[in-house]
Amino acid sequence: MRNLPLMWIANLRLKAYVEINTLAIGPGLRIYHGDGIVIASGAVIGRGMTLEHQVTIGNRIGHEGELGCPTIGDDVFIGVGAKVLGAIRIGNNVRIGANSVVIHDVPDNATVVGIPGKVVRIAGMSPTKDDVETD
């Protein structure tokens, strides 16, 4: 009887929700606390990506009514609960903060936070208006 709680916890962990529908993932994908992760079938992911729990990389209906999924570069970190949606490009060496909702392109070496996601750093410096393009 004393092993019953341990068996229940092990069973619960086996049922953790991780849904990866794409084969376009580069080597070195790291998933920490893999609960509630969803990666849509059209997403393209570079090498060395790190995901925290509750991350969604998914499609979004664009301006012309077409579905689109993100293309994500190499060495990207996506924090807890972040959502990356639509036919956007996430550059290399990007950091996306917890609970951010990214719906616009992100340049290389950037840090993105907020809802909607805004670039707050590029290569450790505050960005200028010329560095960041939005729709």
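1. A quick word on terms before we start: a residue is called buried under 20% relative accessible area, exposed over 50%, and partly exposed in between. Arginine 89, at 41% relative accessibility, therefore counts as partly exposed. Please keep in mind that this is a predicted model.

2. Arginine 89 has a partner worth a look: its side chain meets that of aspartate 108 in a salt bridge, at 3.8 Å from N to O. Arginine 89 sits in strand β12 (residues 89–90) and aspartate 108 in the loop between β14 (101–102) and β15, so the pair ties together parts that are 19 residues apart in sequence. Aspartate 108 is partly exposed too, with a relative accessible area of 34%.

3. The count of salt bridges comes to two. Besides the pair above, aspartate 74 and arginine 47 meet through their side chains at 3.5 Å, N to O. Here the link runs between two loops, β9 (71–72) to β10 (77–78) for aspartate 74 and β4 (44–45) to β5 (50–51) for arginine 47, so parts 27 residues apart in sequence are tied together. Aspartate 74 is partly exposed at 21%, and arginine 47 is partly exposed at 45%.

4. Now to the hairpin. Strands β15 (residues 110–113) and β16 (residues 118–122) run antiparallel and are joined by four bridges. Alanine 110 has isoleucine 122 in β16 as its bridge partner. Four residues lie between the strands, and glycine 114 takes a positive phi near 100 degrees.

5. Lastly, the surface: Val18, Ile20 and Ile31 form a nonpolar patch with about 200 Å² of accessible area together. Isoleucine 20 belongs to strand β1 (residues 18–20) and is partly exposed, with a relative accessible area of 35%.

Note on methods:
Residues are numbered from 1 along each chain as its sequence is written. This is a predicted model: local features need pLDDT of at least 70, side-chain atom pairs count only at pLDDT 80 or more; totals for chains, interfaces and linings use all residues. Side-chain values use heavy atoms; hydrogens and water are left out. Two strands pair if DSSP finds at least two bridges between them. Patches are made of residues with over 30% relative accessible area and no salt bridge: like charges are joined within 9 Å, nonpolar side chains (Val, Leu, Ile, Met, Phe, Trp, Tyr) within 5 Å. Accessible areas come from the Shrake-Rupley method with a 1.4 Å probe; for residues, only the protein chains shown count as cover. A salt bridge is a side-chain nitrogen of Lys or Arg within 4 Å of a carboxyl oxygen of Asp or Glu. Buried means under 20% relative accessible area, exposed over 50%, partly exposed in between (1.4 Å probe, protein chains only).
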